[in-house]
2 protein chains.
Amino acid sequence: MPKIAVLPGDGIGPEVTEAAVRVLRRAAEVFGPELDFETFDFGGAAIDAAGEPYPEATRRGVAAADAVLLGAIGGPRWDGVPREIRPETGLLALRKDQGLFANLRPARVLEGLEGLSPLKPELARGVDVLIVRELTGGLYFGEPRGMSEAEAWNTMRYSKPEVERVARVAFDAAAKRRKKLTSVEKANVLEVGEFWRRTVEEVAADWPQVVLEHQYVDAMAMHLITHPADYDVIVTGNIFGDILSDLASVLPGSLGLLPSASLGEGTPLFEPVHGSAPDIAGRGVANPTAAILSAGMLATYALGRPEIGEAVERAVAAVLGRTRTPDLGGNASTTSFTEAVLANLNG
Amino acid sequence: MPKIAVLPGDGIGPEVTEAAVRVLRRAAEVFGPELDFETFDFGGAAIDAAGEPYPEATRRGVAAADAVLLGAIGGPRWDGVPREIRPETGLLALRKDQGLFANLRPARVLEGLEGLSPLKPELARGVDVLIVRELTGGLYFGEPRGMSEAEAWNTMRYSKPEVERVARVAFDAAAKRRKKLTSVEKANVLEVGEFWRRTVEEVAADWPQVVLEHQYVDAMAMHLITHPADYDVIVTGNIFGDILSDLASVLPGSLGLLPSASLGEGTPLFEPVHGSAPDIAGRGVANPTAAILSAGMLATYALGRPEIGEAVERAVAAVLGRTRTPDLGGNASTTSFTEAVLANLNG
Ligand SMILES: [Mg+2]
Ligand SMILES: [Mg+2]
């Protein structure tokens, strides 16, 4: 029986995670298999309970699980604690422990919700893009790095295995979707871009069913605004992925709609893009859409059941057409929204 | 008398440059001072005439001038020539010769033309942003750089004088505009970002009338789509500037509307962002807007006459409200559009 480690975390984390777990339980009834959920302290809640954000019991639970479902962490309450035991430090430790080198951020404009997008509706319609960002290498981690009085420097460096493994994750995701992969670099100027492109081309041989194309990062930023609906999966390095996933995240028009996955060597992690929103925590009005869609990604990428992920997306889209939480101008509670999703979840 | 070196170049370059020169001549009549124009071969036209894209006579003319007005270069006709004498190589040599380290790209949504933007009209309205990109340092030029079988690397490196001089250009531009400057880096992750931020802060002391704020590059990409009208001048490094200036360039909705300037140690260069469009060259239908606005930037940044630059912008905006070339769905010729601008050019 697949084991899910549930890390509700802080702020609205427990509320939205509860909603996501209810959706996964219902999906298990409809589609199978049965799932085993165990809840662990994490983030600020773990600091309060155990004096550290990622206690040993949580660490063991994560390592033993098939997937982690995380709510959100942090809040002003823990802003004063030393950096080594901040909530965010716990998340970095979890990602490192589990070797999570690929971050997946879908940005989808749901039918009927085009009006939320900053783009004209005719451009927003049908947008369904997944950014796969390399998360543990590139400019953010490359050596040498440093600063003197006179200058400062960082290194964008990628090894062949680093590019290969994130490319495989991206091809695999594309094979589960519309079978189009766009690899993004700056091969016309940077050696590391040329190396990235060449390595992705080599990996492509194992995915003949996926159509691969290449784009320069500056052109890709333009295309994401002028014709975003033409793209399916986009794979890129750490900083380009940071920029492009944030850029793509504005297309649906609300941060409250965006799930994410972090995949790698160990237990994969699924979490909403939004934060812990301490200002509305405990009031029962948090939008659980991102957490529920993260649960859908869990089914697709950790359980290998994309049909469950799709059913969750369909149910959410159907509900959002008529029932919305206050952040989207509606008056549904977290619970009533979730129950509407449950009622729409079918095979 | 200020000397303008005119480099019409290839394709539609000569047509749009002629329009820009007519506008500058008329501006000189209205506002003074008298201007001295001299035309030189450049790009493909120079390859045909002299066997090289940047002949010695052009080089001397550029060095002796107060500003260069360039049309566009290149075309399929010169695709086969060796890299050392390609049209683009001539442009790189000119920029290097003259030490042009700052690239200025305005993106303005003109009143009445909001409908061309990919953004909703209410977000596009009032957008008037100027991206100042460092052009000769950073990741595109940093050493060490290279590639082996196993890995590849590039270096994002900035020295203090490199950051200071481009920051000065940006503060100076902001002082001529709405007096707000946004400096963009990734100081929360990169040493070179922290160094950039600190150096810009130091330079700020000389421009007390300009309000300085800082943004991370990923957040900036989002803001350029969600609330672009809030920004005035944005200054950033080479690759971030490449991405952000291309991103901002889609906001007005047509590449045919975008001028640019390259400033530095020597003679400044003004040119449209668009290419030589060989497919429509010689037919008298090219949109001269970008070249005319480049001439306006020349007045502002090379002649120190921002009131001329503004008058040119006003005239263009007035004309575009009712007269457009075919690329914007109208049926005006290059000449009739230009004459309409001339008729609207007043103090
Ligand atoms: Mg980011
Ligand atoms: Mg570019």
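User: How much area do domain 1 of chain A and domain 2 of chain A bury between them?
Analyst: In this predicted model, the assignment for chain A gives domain 1 as 1–101 + 264–346 and domain 2 as 103–256. Of the area buried between the two, 65% is on carbon and sulfur atoms. The total that domain 1 of chain A and domain 2 of chain A bury is about 1,700 Å².

User: How many residues does the contact take from domain 1 of chain A and from domain 2 of chain A?
Analyst: The C-alpha centres of domain 1 and domain 2 of chain A are 24 Å apart. The contact takes 21 residues from domain 1 of chain A and 23 residues from domain 2 of chain A.

User: Which residues in domain 1 of chain A lose the most area to domain 2 of chain A?
Analyst: Three residues together make up 38% of what the domain 1 side of chain A buries. They are A:Phe101, A:Val273 and A:Tyr301.

User: What rotation superposes chain B on chain A?
Analyst: The superposition has an RMSD of 0.0 Å, with 0.0 Å of shift along the axis. That is the relation of a two-fold axis. The same surface serves both copies, as 100% of the contact residues of chain B recur in chain A. The rotation is 180°.

User: Which residues coordinate the magnesium ion (ligand 1)?
Analyst: The coordinating OD atoms lie at 2.1 to 2.2 Å. A:Asp242 is in helix 9 (residues 238–249) of chain A and B:Asp218 is in helix 8 (residues 217–226) of chain B, so this pair joins two chains. Both A:Asp242 and B:Asp218 are buried. The residues that coordinate ligand 1 are A:Asp242, A:Asp246 and B:Asp218.

User: Which residues coordinate the magnesium ion (ligand 2)?
Analyst: For ligand 2 the OD atoms lie at 2.1 to 2.2 Å. A:Asp218 belongs to helix 8 (residues 217–226) of chain A and B:Asp246 to helix 9 (residues 238–249) of chain B, so the pair joins two chains. A:Asp218 and B:Asp246 are buried. The coordinating residues are A:Asp218, B:Asp242 and B:Asp246.

User: In strand 7 of chain B, which residue stands opposite B:Met147?
Analyst: Strand 6 of chain B and strand 7 (residues 151–159) of chain B run antiparallel and are joined by three bridges. Opposite B:Met147 stands B:Ala152.

User: How many of the residues of strand 3 of chain B are buried?
Analyst: Strand 3 of chain B covers residues 67–72. It is largely enclosed by the rest of the structure, because the number of its residues that are buried is six of the six.

User: Which residue stands opposite B:Val68 in strand 12 of chain B?
Analyst: Strand 3 of chain B pairs in the parallel sense with strand 1 (residues 3–9) of chain B over five bridges. In that pairing, B:Gly9 has B:Ala72 as its bridge partner. Strand 3 of chain B also runs parallel to strand 12 (residues 269–272) of chain B, with two bridges joining them. In strand 12, B:Val68 faces B:Leu269.

User: Is B:Gln98 buried or exposed?
Analyst: B:Gln98 is in the loop between helix 4 (87–97) and strand 4 (102–108) of chain B. Beyond its neighbours within four places in sequence, B:Gln98 is in contact with B:Val62, B:Ala63, B:Gly264, B:Glu265, B:Gly266 and B:Thr267. Because its relative accessibility is 8%, B:Gln98 counts as buried.

User: Which helices do the buried residues of helix 12 of chain B pack against?
Analyst: In helix 12 (residues 334–344) of chain B, the buried residues include B:Phe337, B:Val341 and B:Leu342. The buried residues of this helix pack against helix 1 (13–31), helix 10 (289–301) and helix 11 (306–320) of chain B.

Notes. Residues numbered from 1 in each chain as written. Chains lettered and ligands numbered in written order. Predicted model: local features only at pLDDT ≥ 70, side-chain atom pairs only at ≥ 80, totals over all residues. Heavy atoms only, no water. Least-squares fit on C-alpha atoms with pLDDT ≥ 70 in both. Contact = heavy atoms within 4.5 Å. Buried < 20%, exposed > 50% of the residue type's maximum accessible area, 1.4 Å probe, protein only. Helix = DSSP H or I, 4+ residues; strand = E, 2+ residues; numbered from the N terminus. Pairing = 2+ DSSP bridges. Donors = N, O, S within 2.8 Å, 3.2 Å for Na, K, Ca; no water. Domains from an automatic or database assignment. Buried area = accessible area lost by both parts, 1.4 Å probe.
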